[in-house]
Amino acid sequence: MSQSASPDPAVPADDPRRRLSSVAALLELPRAAELAAERSRPELLEALRATLAAARAELAAGGGEPPLPEQLLARAEARLTQAELQRLRPVVNATGIILHTGLGRAVLPARAARALAGLDRCCNLQIDLESGRRGARNHECERLLCRLTGAEAAMLVNNNAAATMLILAALCAGREVVVSRGQLIEIGGSYRLPDCVHQAGARLVEVGTTNKTHLRDYEAVIGEATAALLRVNPSNYRIVGFSKSVAIGELVALKAGRPGLLVIDDLGCGALIDLRRFGLPHEPTVPESIAAGADLVCFSGDKLIGGPQAGIIVGRAELIAKIKKHPLTRMLRVDKLTDLALQETLRLFLEPEEVLLRENPTLRMITLPAEAIKVRALELARRLAENQFEARVFEGASEVGGGSLPATPLPTWLIGLSRDGMSADQLNRALRRHEPPIIARIQDDEVVLDLRTVQEEEDKTLSEIIF
């Protein structure tokens with residue numbers, strides 16, 4: 001008979017709870033030793049204690065016989081498996097959404113990932129190796145950003161919403177910020193630009209209408225209380241048809257004769273290169289805004305740059321210096337991991353275009369020709385058919401996602417996947433519970449795989465699905 005848990009004086013002698021195995025007894029089972037090696041002993045102990053507590057509650061509520069030791073251990077293992085599913089770990093993105101918010105958005109370039117793997121020791125985050133004295137944080141990222149954009153200075157914070165907030169708090173508090181009504185954006189998590197302006201201590205002045213804003217609308221409201229004209233790129237939506245907006249260069253022209261008036265360009269997704277060369281719609285680039293004379297430009301470090309989540313501010317040196325002195329800057333600054341990953345990502349933009357597109361996963365996926373995807377899809381469908389799946393290949397569309405290039409479908413080829421005895425929901429759930437997890441989508445009651453977002457080395461994983 002297995003060893004029972006320590007008796008509770010309040011529990012009657014004939015109560016089945018007294019016959020439950022103890023944690024010590026369960027740890028003696030062969031499978032328990034394997035689980036402790038696969039996971040960790042503290043995690044196993046926690047799962048065993050939670051399992052025994054649940055078993056006690058069940059027995060107290062309905063009586064019956066206590067589970068056998070092997071049954072209790074199986075329940076504990078199920079708890080460990082469920083917890084493992086929630087651990088942050090790699091997954092295969094077969095959704096066709098390149099910047100999938102739920103999947104961490106941009107896939108880091110391999111060189112950035114390698115650099116992070118080597119950061120298992122101290123680093124020169126804030127020390128000048130030449131003098132030995134305290135140095136500047138993010139120095140190399142700022143140098144690269146200035147070189148790539150033509151800006152005088154640059155700085156980093158934890159995301160672009162923080163960048164916008166910090167600019168307004170440091171330079172516009174107590175004064176007016178003029179924004180077109182067609183650019184009063186809302187992004188994920190219910191972040192709204194009017195709320196950001198208010199929290200920064202500035203006063204929002206709306207001009208124009210939802211679909212049309214003219215230069216004269218801005219000019220009519222500029223006064224002594226005006227701190228800045230803020231252009232916000234609607235990077236997660238489009239206003240089309242009978243519409244008009246004012247270019248950044250036109251806003252800069254309004255500064256003439258108005259000393260102290262700032263023009264701030266919030267680009268959101270923040271492209272560093274012109275995507276029109278790849279047959280995509282024009283997305284305003286950071287170098288374009290700087291060349292047009294914007295005082296400050298802010299944008300994301302992930303999304304169309306393909307690096308880690310970060311907010312980047314570039315522009316005039318004296319303004320950047322003032323922002324860096326604001327108390328919020330320390331609260332919003334990035335750590336060494338973000339700094340290093342962004343540094344390695346930015347270096348790719350100094351390489352020839354073919355190297356950039358090959359080594360930057362985000363740009364590679366965006367520019368991948370549909371025919372190349374079709375070749376891979378046909379081969380994978382053939383291999384899946386040999387593994388008890390029904391797989392058909394057909395045309396479809398991918399999307400950039402992550403609030404970038406809205407209404408811009410990317411032609412692709414999809415694999416429709418099915419299996420006898422499984423509904424689409426059941427198959428999709430089984431894929432998510434696969435190791436590694438495979439994240440697909442359901443379209444017209446069919447599980448669909450889009451290889452645009454599957455790294456080529458992951459094709460083998462898909463071809464060997466077993467459950």
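This is a predicted model: local features need pLDDT of at least 70, side-chain atom pairs count only at pLDDT 80 or more; totals for chains, interfaces and linings use all residues.
**Overall build**

The protein chain has 19 helices and 15 strands. Its C-alpha trace spans about 90 × 55 × 50 Å along the principal axes. Of the 467 residues, 48% count as buried.

**Helix H4**

Helix H4 takes in residues 69–85, 17 residues in total. From its first C-alpha to its last it reaches 25 Å, close to the 24 Å expected at 1.5 Å a residue. Its buried residues are Pro69, Leu72, Leu73, Ala76 and Leu80. They cover an arc of only 95° around the axis, so they sit on the same side of H4. An α-helix has 3.6 residues a turn, so residues three or four places apart point the same way.

**Helix H18**

In H18 (424–432), the buried residues are Ala424, Leu427, Asn428, Ala430 and Leu431. Their arc around the axis is only 160°, which puts them on the same side of H18. Here the packing partners are strands: S12 (410–418), S13 (438–439), S14 (441–443) and S15 (446–450).

**The largest pocket**

H18 also takes part in the lining of the largest pocket. This pocket has a volume of about 1200 Å³. Its lining counts 37 residues. Arg89, Pro90, Val91, Leu103 and Gly104 lie nearest its centre. Strand S1 (92–93), helix H14 (336–348) and helix H18 each supply at least two lining residues. The largest share, three residues, comes from H14.

**Buried loop residues**

Gly96 is found in the loop between S1 and helix H5 (110–117). Which residues does Gly96 contact, leaving aside its neighbours within four places in sequence? They are Ser398, Glu399, Arg441, Asp450 and Thr453. Ala440 is 344 residues away from Gly96 along the chain, yet their C-alpha atoms are separated by 8.3 Å.

Not counting residues up to four places away in sequence, His214 touches Lys244 and Val246.

**Cysteines**

The structure holds zero disulfides. Cys146 is in no disulfide, and the nearest cysteine sulfur, that of Cys141, is 11 Å away. Cys172 is likewise in no disulfide; its nearest cysteine sulfur belongs to Cys196, 10 Å away. A disulfide needs two cysteine sulfur atoms within 2.5 Å, so a pair must meet that cut-off to count.

| Residue | Relative accessible area | State |
|---|---|---|
| Gly96 | 1% | buried |
| His214 | 19% | buried |
| Cys146 | 18% | buried |
| Cys172 | 0% | buried |

Buried means under 20% relative accessible area. His214 has 19%, so it counts as buried. Cys146 has 18% and therefore counts as buried too. Cys172 has a relative accessible area of 0%, and Gly96 has 1%.

How values were computed: Residues are numbered from 1 along each chain as its sequence is written. Side-chain values use heavy atoms; hydrogens and water are left out. Helices (H or I, at least four residues) and strands (E, at least two) are DSSP runs, numbered from the N terminus. The expected span of a helix is 1.5 Å times one less than its number of residues. Buried means under 20% relative accessible area, exposed over 50%, partly exposed in between (1.4 Å probe, protein chains only). The arc is that of the directions from the helix axis to the C-beta atoms. Contact means heavy atoms within 4.5 Å. On a 1 Å grid over the protein atoms alone, a cavity is a set of points where a 1.4 Å probe fits but cannot get out, and a pocket is an open set with protein on both sides within 12 Å along at least five of seven lines; lining residues have an atom within 4 Å of a point. Grid points are joined across faces, edges and corners, and a volume is the space filled by probe spheres set on the points.
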